[in-house]
Amino acid sequence: MSSTFDTIANIIAETCDIPRDTIKPESHAINDLGIDSLDFLDIAFAIDKAFGIKLPLEQWTQEVNDGKATTEQYFVLKNLSTRIDELVAAKGA
Amino acid sequence: MRLEYFQLIDRIVDLKLADRKISSEATIPAQSTIFEGHFPGYPLMPGVLLIEAMAQTSGWLVVALNRFERMPFLAAVKDAKLRTFVKPGERLSIDAQLVHDGSGYAVIDATIKCGGKLVCDASLTLRVLDFPNDDMAKKMRETAARIGLSFEASANG
């Protein structure tokens, strides 16, 4: 798996005190790992710092609320990793 | 400072939007019903209210950075240290520095000094949302004017 996944898995493990070996690429941050919205702010902060990006949490939430996207697209960790890679690539473009 | 009305900031004394920091002042009232309970016979400014003073100062920074279009709400207090007793009548200098401007949240480091001495510090996380209603937005602008934070200043700062 990509180093992006490893980085966010380590962040989640440390931030939420979740055993690292239970965090899989297929894990859904909310449904499987039980991360609530406040803890996810800490995770987003750590991800923003680690990758030098700004996760568009408000945009994603709006898309989910409007039925234009599913939570799986953004909060399953392998998908979140892909979104982060896209944001990092866009920053460098 | 009007403790019973949760007005913990007397005035904004400095706002530097480019540097993403703000300073405020507040004088703790000599008397308040709060001091009857905290503590009987030995009045002290409650630490939770010192944290609230840092949160309000931090909030005004976020309000200004968002051009009075969004409202911050306290979400987390981390590494709070209440370093010494603060007594009625003392004057506080409160500083806040934006550490990170996230999507829908902000992380801010804040401090309070009294007589040049650090008395309190913490890292605060604020959720940043749309104003729940127009009335609140209006009242926030009125409060901002009362404490010397003008819309024009934040727009130009």
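Modeller: Before we start, a residue counts as buried here if 20 or more other C-beta atoms lie within 10 Å of its own. Keep in mind that this is a predicted model.

Biologist: Okay, which are the buried residues of helix 1 of chain A?
Modeller: Helix 1 of chain A runs over residues 3-16. Going by that neighbour cut-off, the buried residues of the helix are A:Thr4, A:Ile8, A:Ala9 and A:Ile12.

Biologist: How wide an arc do they cover around the axis of helix 1 of chain A?
Modeller: An α-helix has 3.6 residues a turn, so residues three or four places apart point the same way. The buried residues are A:Thr4, A:Ile8, A:Ala9 and A:Ile12. They sit on the same side of helix 1 of chain A because the arc they cover is only 125°.

Biologist: And what covers the buried residues of helix 1 of chain A?
Modeller: Look at other helices of chain A for this one. The cover includes helix 2 (37-51) and helix 5 (77-92).

Biologist: How far apart are the end C-alpha atoms of helix 1 of chain A?
Modeller: The helix has 14 residues, and at 1.5 Å a residue they should span 20 Å. The model agrees with that, as the end C-alpha atoms are 20 Å apart.

Biologist: What about helix 2 of chain A, how far does it reach from its first C-alpha to its last?
Modeller: With 15 residues at 1.5 Å a residue, 21 Å is expected. Helix 2 of chain A comes close to that, reaching 20 Å.

Biologist: Which residue with a positive phi follows helix 2 of chain A?
Modeller: Just after helix 1 of chain A, A:Asp17 has a positive phi of about 55°. Helix 2 of chain A is followed by a residue with phi near 65°, and that one is A:Gly52.

Biologist: Is A:Leu87 buried or partly exposed?
Modeller: A:Leu87 belongs to helix 5 of chain A. Buried takes 20 or more neighbours. A:Leu87 has 18 C-beta neighbours inside 10 Å, so the label is partly exposed.

Biologist: Last one: how many charged residues are on the side of chain B that touches chain A?
Modeller: Nine residues of chain B are in contact with ten of chain A. Strand 3 (70-82) and strand 5 (105-114) of chain B each supply at least two residues of that side. By class, the side has four nonpolar and five polar residues, and the charged count is none.

Conventions: Residues numbered from 1 in each chain as written. Chains lettered and ligands numbered in written order. Predicted model: local features only at pLDDT ≥ 70, side-chain atom pairs only at ≥ 80, totals over all residues. Helix = DSSP H or I, 4+ residues; strand = E, 2+ residues; numbered from the N terminus. Expected span 1.5 Å × (residues − 1). Buried ≥ 20, exposed ≤ 12 C-beta atoms within 10 Å, placed from the backbone. Arc of directions from axis to C-beta. Contact = placed C-beta atoms within 7 Å. Nonpolar A, V, L, I, M, F, W, Y, C, P; charged D, E, K, R; others polar.
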